[in-house]
Amino acid sequence: MFKYILQSAGDINWMAMLALVLFFAIFLFSTVWVITRKKDYVDKVSRLPLDD
Amino acid sequence: MTQVEQFHYDNAIVKKFAYATMLWGLVGMLVGLWVALELVFPALNLEKPWLTFGRIRPLHTNAVIFAFVGNGIFMGVYYSLQRLMKARMFSDMLSNIHFWGWQLIIVSAALTLPLGYTTSGEYAELTWPIDLAITLVWVVFGINMFGTIIKRREEHLYVAVWFYIATWITVAVLHIVRNLEIPTSGLHSYGIFAGVQEALVQWWYGHNAVAFFLTTPYLGLMYYFLPKAANRPVFSYRLSIVHFWALIFIYIWAGPHHLLYTSLPDWAQSLGMVFSLMLIAPSWGGMLNGLLTLRGAWDRVREDPILKFMVVAVTAYGMSTFEGPMMSIKSFNAITHYSDWTIGHVHVGALGWNGMLTFGVMYWLLPRIFDTKLHSVKLANVHFWLGTLGIIFYAIPMYWSGITQNLMWRAFTPDGFLVYPNFLETVTQIIPMYAIRAVGGALFISGVVVGIYNLIKTVSSGRLIANELAEAPALPTKHVAEGKEHWHRWIERKPVQMLIGSLIVVLIGGMVELFPMWWVDDNVPKIASVHPYTPLELQGRDLFVREGCVGCHSQMVRPFRFETERYGEYSKSGEFIYDRPFLWGSKRTGPDLAREGVGKLKKADSWHYAHLYDPRSISPGSIMPAYSWLTKNDLDTSTTAAKIKVLRQLGTPYDSDYELTANEDLAKQAAGIVKRINEEKPDLGLPEDADKKEIIAIIAYLQRLGVDITVQDQAGNQ
C-alpha cells in the first residue's frame, strides 16, 4: 500500500530510500564511533559535568 | 600558554525560572485536581463557562507541560549550559526577555483558554497571536543558547547540550508546522490542514511535544544533574551518544500511534506502530544509563532524597517508555485508546518522570545558588513519599477504569447484542476510580506543597549568589587537529553543524510521513455526498470547539463490531475534508458523536436543547456539565463572513460571494430548528428570540453529524 501510494505520487520513492539509507547510516556511524573512541577521550568528556 | 579567564555565572535567571516552575507547577496541578473532581462531582463546574471541564482541562495540560515543565527546562538549561560551556549566558537581556516573555505567554494562555479561545488541537490549543509570541520567545531562547555555546570556553559539547540543541530545533519545526493557520479575527483562525491530514500533523506534533518538550530536554537534565547528585560520571558516555541519535531519529515517526484504527491510511498507522515499538531500545538505553550511573552508590540512595527523586523519575521514564510502545501495538491499542488507560500512562510520565526529576533538580540546585543547605531532609523525604504514593494512587485507578470501561464497551450478549448499550452505564461504573484518582492527585499536590515550603525555607536561610565567580582557560581560537580526527568531534565542536545534523535527522521522519499525506489525493478518497457545513452548522461547530467538547467526545467510529453496533457506520477519511479543525478526539468520557445526527442515535432538536441545558434532567447520573449559558448568549453572526471567506481560500467550495448572504441562510435554518423544538416540546418555553441563541447553532451542528455519508441510504428521510 505504501509503495503504491508513493508511486502514484510520482517520483518520490527517493524519500523512502533516503530515509532507509540515512537510518542505517546514523546507527552505523554512531555505533562505529562509540566503539572506536579512546578511553581517555570518553573519560574526559563524561567527566565534564563534574568539573565545573 | 592559555590565559585563565575569570567570569560569572548568572544565577539570578536560574532563580527566576525555578520560582516560576514552583508557582506554575502548583497552579497547573491544582487545576488538574479541580478537573478530576469535576468528573466525580459535576456540580463543581458551577455552571460557569470558564470553569467547565472542557475549557479548563486544556488549561491543566498546557499549564503542566509548558508552564511547569517549560520553566523547569529553562531552569535546568540555564544552570547547566553555563557550567558545561564555562561561560555566562550570551546576553542577560535576552535571558530576561525569554523569562518574562514566557511568563506572559503563560498568563495569556491562562486567560484565553478558560474564555474559550482555542484551536482545540491538543497541546496546540493557543490562538494565533500567542502562537506568534511563542515563536518569538523561542527564537530569543535559541539566540541566547547558541550565543552561549559559540562563546564557550569548553571545547567539547557534553551530551546534555546535544539534547538541548535537538530540543530547540525540533520544537521550532513542530510549532511552526502545527500552527500554520489563517486568522479570521483577532483571536480565531482556521488551520491550513483539514481532516485526516490535520490529524496526522496534529499527532506528529502532539507526540513529539511529548518527545521533544517532556523528554529530550529532561534527558539532557538527567545527563547533567544525575551525575552531579551522585558525584560520578554517567555510566556509559558511549551509550549516551547512540541513545541520542537513535532517540531523536525514531521518536519523530511515532505520532500515528495516536490514530490507530482511525481513518488514517493503514501505511501511516503501521509506520507509527513499528517505530513506536523500536523506541523501546533507545528509551531504555537512556533509562539504564541513568540508573546504572548509580552503580556502587545505591547505599547513598537510601539517605539522599535528591537521589530518591531521581531514581523514581528515571524508573517512571522506563515504565512509561515500555508502556507507550505496548500501547502502540494495534490490538492492544484497541483496548487502551479512548479510555482512561491513556490518562494513567501520561501521568506516570508527567508526575513521575517530569515531576520527580524537576523537584530532584530543584532540591540539588537551589541550596547551591543560595549558598546554603537544604532546610529539611526530613521534609524532602515526606515530599518524596507523598509524590510516589500519589503516582501509584493516580495510575492504578486509571488502568483499572480504562480496562473496565473498554470491556464494558465491547461486551456482547450471547445473542449478539451490546450488554451495555447505554454509554452512561460504562461511565457511572468507573466514578469510584475517578474519586481514587483525585485522591492520588491530591497526595501528589500535598507533596508539592511540602516541597515548595521546604524550598522557600531553604532559600530564605541563604543569600542568592546572583553572579557566581568562575574561571577557565580561554578556548584557543584555532583548533589544532592532533593527527587524524573523527567526524563526530568535528560536529561536536561546531554547534551549528550539530543543529543541522539534528534537524536533518528529525525532518526525515516528518517528511516521509507527512508529504505523501499532503500530496497524494488517494490517501483521502473523496465522498461525493460530503458537503461543506452550512453557516449555522459552521458557527455551531466553532462553539463546540470553544466549549472543548472534544475533550470528552470523539468523532471517530473505529471499524470494530462493538463500535459500529453502538454508533453506526465506521468513519471514513473522506468525511472530514471540510473539518477545520478535525475533532476526532482522543478520550471518550462521553459517547462518540460521529453518528449523532443519524440512525438510532439521532435525537429530537428538543432533546438536545433540554440535554445541553441540564444533562442530568435527561440522563440521570451523567457527569456532563450543564451548558445553560448557550440558551442565553446571542450567537455572534458578525464573524460568519470572515470565516466563509477564509475557508473558501483554504479550498472549501463555498460559492463566490456566499459570505454576503450566508447569514440569511443561517437565520432561516435557525428559525426552522426553533419551530421544530416548539412543536415537539412547547413546554420548554423557548424565549421569543430563541433563534438568535448559541444553543441553536450547536444543535444544528450535532444534527449534521453523520448525515453526509448516510444521505444516499436515507433519501427522503434526512
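The model is predicted: local features need pLDDT of at least 70, side-chain atom pairs count only at pLDDT 80 or more, and totals for chains, interfaces and linings use all residues. Residues are numbered from 1 along each chain as its sequence is written, chains are lettered from A and ligands numbered from 1 in the order in which they are written, and side-chain values use heavy atoms, with hydrogens and water left out.

Biologist: What distance does helix 2 of chain B reach from its first C-alpha to its last?

Modeller: Helices here are DSSP runs of H or I with at least four residues, strands are runs of E with at least two, and both are numbered from the N terminus. The expected span is 1.5 Å times one less than the number of residues. For the 33 residues of helix 2 (residues 53–85) of chain B, 48 Å is expected, and the value in the model is close to that, at 45 Å.

Biologist: At which residue does helix 2 of chain B bend?

Modeller: A bend is the angle between axes fitted to the seven residues ending at a position and the seven starting there. In helix 2 of chain B this angle is about 35°, at A63(B).

Biologist: Why is helix 2 of chain B described as largely enclosed by the rest of the structure?

Modeller: Buried means under 20% relative accessible area, exposed over 50%, and partly exposed in between, with a 1.4 Å probe and protein chains only. Helix 2 of chain B is largely enclosed because its buried residues number 33 of the 33.

Biologist: Are helix 1 and helix 2 of chain B roughly parallel or roughly antiparallel to each other?

Modeller: Axes are lines fitted to C-alpha atoms, for helices over the stretch in contact, and angles run from 0 to 180 degrees between N-to-C directions. Angles under 35 degrees count as roughly parallel, over 145 as roughly antiparallel, 65 to 115 as roughly perpendicular and the rest as oblique. Helix 1 and helix 2 of chain B pack with axes 8 Å apart at about 160°. The two helices are therefore roughly antiparallel.

Biologist: How many nonpolar residues are in the contact of helix 1 with helix 16 of chain B?

Modeller: Helix 1 (residues 12–40) and helix 16 (residues 431–460) of chain B pack at about 160°, and their axes are 9 Å apart. Ala, Val, Leu, Ile, Met, Phe, Trp, Tyr, Cys and Pro count as nonpolar, Asp, Glu, Lys and Arg as charged, and the others, Gly among them, as polar. In the contact of helix 1 with helix 16 of chain B, one residue is polar, one is charged, and the nonpolar ones number 22.

Biologist: Is Y123(B) buried or exposed?

Modeller: Y123(B) sits in the loop between helix 3 (92–112) and helix 4 (128–150) of chain B. This residue is not a glycine, yet its phi is positive, about 65°. With a relative accessible area of 15%, Y123(B) is buried.

Biologist: What is the relative accessible area of L46(B)?

Modeller: L46(B) belongs to the loop between helix 1 and helix 2 of chain B. Its phi is also positive, near 55°. L46(B) counts as partly exposed, at 46%.

Biologist: Which residue does a cis peptide bond join to R580(B)?

Modeller: Most peptide bonds are trans. The cis bond from R580(B) has an omega of about -5°.
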